[in-house]
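This report goes through the sheets of the protein and then the contact between its domains. Please keep the sequence and the structure at hand while reading.

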Amino acid sequence: MTEVTTPRRSELEELLEPVELPKVALVEQRVDSPPAIRDIRSSVREALEAVELPGGSVAIGVGSRGVPRVAEIVAALVEALKEAGARPFVVPAMGSHGASTAEGQARVLAHLGVSEERVGCPVRATMEAVKVGETPSGVAVYMDRYACEADAVVVVNRVKPHTAFRGAVESGPTKMIAIGLGKQQGAHSIHSAGWDRIHATILEAARVGIERGNVVFGLAVLENHEEEPCRIAAIPAGRLESEEPALLEEAKRNLLRLPFEELDVLVVDEIGKNVSGDGADPNVTGRYPTPYASGGPKVGRMVFLGLTEETEGNANGVGLADVVTGRLERQMDRPATYMNALTAAVSETVRLPMVMPTDRLAIAAALKTCPGVSPPAARLVRIRNTLRLRRMWVSEALLRESPKLKVLEEPKPMRFGADGSLLQEL
């Protein structure tokens, strides 16, 4: 019988250490960006003039995305509702995120600054959901129990292109009503109806929630190229379906993207649910979890180096990479990650790619597996995450590809610590 031997770490290192990495330059994108809102409180109050503020108990749905200044936005809304005589409280509206536990979802909000101390009202978290009806095609629609029992419901969400489908509305207040408020049970119900028609299912489910009577309006946030709020709009629930599509088109125009059509290697320092539903926004990376969305650059190999603290181990989206680090694998909370995949009925996003011990070996492995590409001449980009795209490290081969680039630091070798971790910051 022939003895079978397997390569050990030392042999991997012997193979990959000699790989010559391309020199990289620190660059900044030149873009015209809508100005950020300076006075959040005044902007929220101005937006609220378009809706009638409810009285009684009001559940404010807030999601898991890292919307900049979301605590200020919610605090201003809470203040206005209290002045109108309401008794507001916050509920997590994030489907199964936060490891699908009430405590986990409350922690996610706290990470984003949405706590009783910061926003001025209680945070009530539960995973209990109440069935509030069915869509015409028979899809069950659920709502957070606290929200269901409240006199009124308001949702706060940014409007953005979705990561896995295209429709008249994608990520925004309508989706939060249909999916986010439904907790794990409701989110799974909508997703399991099929990604090929989720664009229609979301609209139908939101109608069921709104027709129930206590959803009164959505507070929609649009962001500029810097991922800062640049517009806040309050839309009555009955007009969301007709008015949100225009906001989505505006959000698409505002979305900052990579200024390249084709890359050999894309290195992403961190992924997480606070960054994107798929850890790294496919609208930026060009890697999508379903065939029902497209756009972005063609990327030969993608490397994820770690997870954000705010994602609390949820590594959903890791499966869209080709190589990850051992650090990311150790940070990964598999039950939380798998619950996300089970809820969304998508397994591709949680498949574990090739795992390399260090940042350097992960990048070398990606370069080594690019057919026909000389590693020193590779078209490589390194970003912090898909929300932070103004500054990036790019290889020499890309420096003259875009007129939008301003060179801040001339090309130099990538620097790594003794443990193989990248030292050049973004």
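How many bridges join strand 11 (residues 323–325) to strand 12? In this predicted model, three bridges join these two strands, which run parallel, and within the pairing V323 stands opposite M354 of strand 12. Helix 14 (residues 359–368) packs on the sheet here, touching strand 9 (262–268), strand 10 (298–304), strand 11, strand 12 and strand 13 (380–383), and the direction of the helix makes about 175° with that of strand 11.

The sheet in question is open and has eight strands in the order 12-11-10-9-13-14-1-15, with mixed pairing. Strand 12 (354–356) and strand 15 (405–412) are the edge strands, each of them pairing on one side only, and neighbouring strands are turned by 25° against each other on average, direction ignored.

A further open sheet has five strands, ordered 3-2-6-7-8, again with mixed pairing. Its edges are formed by strand 3 (86–92) and strand 8 (229–236), which pair on one side only, while the twist from one strand to the next averages 20°. Inside this sheet, strand 2 (residues 56–62) runs parallel to strand 6 (residues 152–158) and is joined to it by five bridges; A59 is the residue that stands opposite V153 in strand 6.

| Strands | Bridges | Opposite residues |
|---|---|---|
| strand 11 and strand 12 | three bridges | V323 and M354 |
| strand 2 and strand 6 | five bridges | A59 and V153 |

The domain assignment divides the protein chain into domain 1 (17–31 + 256–413) and domain 2 (40–254), and the centres of domain 1 and domain 2, taken over C-alpha atoms, are separated by 29 Å. To their contact domain 1 contributes 31 residues and domain 2 contributes 32 residues. The area buried between the two domains is about 2500 Å², with carbon and sulfur atoms giving 51% of it. Of the area that domain 1 buries against domain 2, Y292, E312 and T343 supply 23%, more than any other three residues.

Polar interactions also cross this interface: 19 residue pairs are in polar contact, and the count of salt bridges between domain 1 and domain 2 is two. R107 forms a salt bridge with E312, with the closest N and O atoms 3.1 Å apart. On the side of domain 1 that touches domain 2, the elements that give two or more residues are helix 11 (282–285) and helix 13 (334–344), and helix 13 gives the most, with six residues.

Methods
Residues are numbered from 1 along each chain as its sequence is written. This is a predicted model: local features need pLDDT of at least 70, side-chain atom pairs count only at pLDDT 80 or more; totals for chains, interfaces and linings use all residues. Side-chain values use heavy atoms; hydrogens and water are left out. Two strands pair if DSSP finds at least two bridges between them. Helices (H or I, at least four residues) and strands (E, at least two) are DSSP runs, numbered from the N terminus. Axes are lines fitted to C-alpha atoms, for helices over the stretch in contact, and angles run from 0 to 180 degrees between N-to-C directions. Contact means heavy atoms within 4.5 Å. Domain bounds come from an automatic or database domain assignment. Buried area is the accessible area (1.4 Å probe) that two parts lose on being put together, summed over both. A salt bridge is a side-chain nitrogen of Lys or Arg within 4 Å of a carboxyl oxygen of Asp or Glu. A polar contact is a pair of N or O atoms within 3.5 Å; within protein, one must be able to donate a hydrogen and the other to accept it, and residues adjacent in sequence count only if both atoms are side-chain atoms.
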